[in-house]
Amino acid sequence: MDHRLLDILVCPLCKGPLAYEKAAQELVCRADRLAYPIRDDIPVMIESEARRLDDAPPAAASL
């Protein structure tokens with residue numbers, strides 16, 4: 001994930017900062033408790049695609 005891109009990306013809902021979770025390939029908004037997936041090095045910043053942090057982690061992260 002390009003660090004220059006990470007510097008400018010914000011949560012599409014609250015416009016807050018995102019934390020990059022490399023192992024899970026997600027961008028996490030702690031304020032909204034959402035994790036946006038990164039697929040093929042492209043962040044998917046759509047609310048309906050986000051995982052709620054209350055949910056189980058993605059399968060790739062548990063390996």
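This is a predicted model: local features need pLDDT of at least 70, side-chain atom pairs count only at pLDDT 80 or more; totals for chains, interfaces and linings use all residues.
**View 1**
Let's start with strand 3, which covers residues 34-39. Is this strand mostly covered or mostly open? It's mostly covered, with 5 of its 6 residues buried. Strand 2, residues 26-29, pairs with strand 3 in the antiparallel sense, and 4 bridges join the two. To find one of those pairings, look for Cys-29, whose bridge partner in strand 3 is Leu-34.

**View 2**
Now find strand 5, which is residues 51-52. Strand 5 also pairs with strand 3 in the antiparallel sense, over 2 bridges. Which residue in strand 5 stands opposite Ala-35? That would be Arg-51.

**View 1. Charged side chains that meet.**
Here's a bit of background: side chains of opposite charge can pair when their charged atoms come close. How many salt bridges does a search of the whole structure find? The search turns up 5. One of them brings together the side chains of Glu-21 and Arg-30, at 3.1 Å from N to O. Are these two buried or exposed? Glu-21 has 30% relative accessibility, so it counts as partly exposed. Arg-30 comes out at 54%, so this residue counts as exposed.

Asp-54 and Arg-33 meet through their side chains in a salt bridge, 3.0 Å from N to O. This pair links distant parts of the chain: Asp-54 sits in the segment after strand 5, Arg-33 sits in the loop between strand 2 and strand 3, and they are 21 residues apart. Asp-54 is exposed, at a relative accessible area of 59%, while Arg-33 is partly exposed, at 39%.
Next comes Glu-49, which forms a salt bridge with Arg-39, their closest N and O atoms being 3.0 Å apart. Why does this pair tie together parts that are 10 residues apart in sequence? It does so because Glu-49 lies in the loop between strand 4 and strand 5, while Arg-39 belongs to strand 3. Both residues count as partly exposed, Glu-49 at 35% and Arg-39 at 42%.

**View 2. The largest nonpolar core.**
In soluble globular proteins, nonpolar side chains tend to be buried together. In this model, the largest nonpolar core has 10 residues, including Leu-6, Leu-9, Leu-18, Leu-27, Tyr-36 and Ala-50. Strand 2 and strand 3 are the elements that give two or more residues to this core. Which strand supplies the largest share? It's strand 3, with 3 residues. Finally, zoom in on Cys-29, another core member. Leaving aside neighbours within four places in sequence, Cys-29 is in contact with Cys-11, Cys-14, Pro-17, Leu-18, Leu-34 and Leu-53.

Terms used:
Residues are numbered from 1 along each chain as its sequence is written. Side-chain values use heavy atoms; hydrogens and water are left out. Buried means under 20% relative accessible area, exposed over 50%, partly exposed in between (1.4 Å probe, protein chains only). Two strands pair if DSSP finds at least two bridges between them. A salt bridge is a side-chain nitrogen of Lys or Arg within 4 Å of a carboxyl oxygen of Asp or Glu. A nonpolar core is a set of buried Ala, Val, Leu, Ile, Met, Phe, Trp, Tyr and Cys residues joined through side-chain atoms within 4.5 Å. Contact means heavy atoms within 4.5 Å.
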